[in-house]
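Here are my notes on the model you sent. Please read them with the structure open.

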Amino acid sequence: MSRAARKDLLIGATQPRDREPVPPAASPMTHIALLRGINVGGHRSVGMTDLRNFLTQLGFDEARSLLQSGNLVFGSRARTGAELERFLEAEAAKRFALEIDFFVRTPEEWKALIRQNPFRKEAELDPGHLVVMFFKSPLAAKDVTLLQSEIRGPEIVHGKGRQVYAFYPNGIGRSRLTNAVIERTLGRCTGRNWNTVLKLAILAKSGSAKLTPVSPRKRI
């Protein structure tokens, strides 16, 4: 090897190598979470500010809430689906000393359940009496049929995927089709009326009412 070639080789060895490209951080995926059984009749009280702070401290992004019944919208960078539900339930038990069920959906799943609503006319004319019940797992058709057979009033029920749509023409307060009756047949769930369902769709899409994180965050 010539002296010039050896010099070029040494110079090349001392030059800084190009660094490996660093992949960009994953964008958070928006989730809608519904909490079961909080702030009912003065029992199991949890403030919405506390819940937003709870999500922020766990490292979730842009925690928002709607009403006092436990409706949350936030971004998660890793956990999704059933894993996310279990994580939130475990952390809530530690921090609030309460057993709280979380029912989590993505905006795409939320759009689908709105699109699949079998009570289009009722949703337009009487949305306050249309309730969607949310479950952890897809419902068996035979169980929905069993629930329908147990109805003794004017209520109408349809099941689709992990949701049950129930219309209460005479109102919900005095109906015998209570949450307890539904859960006895189909398992644990939480319900939201159609007005709330539509408001959550808007909140998840628009990103309005963003809150400034109140504490340092670790990414989830």
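1. Start with the open sheet. Four strands make it up, in the order β6-β7-β5-β8, with antiparallel pairing. β6 (156-160) and β8 (190-193) are the edge strands, each pairing on one side only. Neighbouring strands are turned by 20° against each other on average, direction ignored. Strands here are DSSP runs of E of at least two residues, and helices are runs of H or I of at least four, numbered from the N terminus. Two strands pair if DSSP finds at least two bridges between them.

2. A word on the source. This is a predicted model, in which local features need pLDDT of at least 70 and side-chain atom pairs count only at pLDDT 80 or more, while totals for chains, interfaces and linings use all residues. Residues are numbered from 1 along each chain as its sequence is written, and side-chain values use heavy atoms, leaving out hydrogens and water.

3. Now look at β8 and its surroundings. β5 (residues 130-134) pairs with β8 in the antiparallel sense over four bridges. M133 has G191 in β8 as its bridge partner. Helix α8 (residues 194-206) packs on the sheet and touches β5, β7 (163-167) and β8. The direction of α8 makes about 85° with that of β8. Contact means heavy atoms within 4.5 Å; axes are lines fitted to C-alpha atoms, for helices over the stretch in contact, and angles run from 0 to 180 degrees between N-to-C directions.

4. Which residues of the largest nonpolar core touch the most other members? They are L55, F60, L72, F74, L88, I100 and F102, out of 21 residues. β1 (29-35), α2 (48-57), β3 (71-76), α3 (81-96) and β4 (102-105) each supply at least two residues of this core. Apart from it lies another core of 19 residues, among them A123, L200, L203 and A204. A core is a set of buried Ala, Val, Leu, Ile, Met, Phe, Trp, Tyr and Cys residues joined through side-chain atoms within 4.5 Å. Buried means under 20% relative accessible area, exposed over 50%, and partly exposed in between (1.4 Å probe, protein chains only).

5. Is β1 largely enclosed or open? Five of its seven residues are buried, so β1 is largely enclosed by the rest of the structure. Six bridges pair β1 with β3 in the antiparallel sense; L34 has N71 as its bridge partner in β3. β1 and β4 also run antiparallel, joined by four bridges.

6. Check the rings. The structure holds five aromatic pairs. F54 and F96 form a tilted one, 5.3 Å centre to centre with 55° between the planes. F54 lies in helix α2 and F96 in helix α3, so this pair ties together parts 42 residues apart in sequence. F54 is buried at 1% relative accessibility, whereas F96 is partly exposed at 22%. F60 and F74 are edge-to-face, at 5.1 Å and 65°. Ring pairs link F60, F74 and F87 into a cluster. Rings of Phe, Tyr and Trp (its six-membered ring) pair if their centres lie within 6.5 Å; planes under 30 degrees apart count as stacked, over 60 as edge-to-face and the rest as tilted.

7. Last, helix α7 (residues 179-186). Its buried residues are V181, I182, E183, T185 and L186. Their cover includes β5, α6 (141-150) and β7. Just after α7, G187 takes a positive phi of about 105°.
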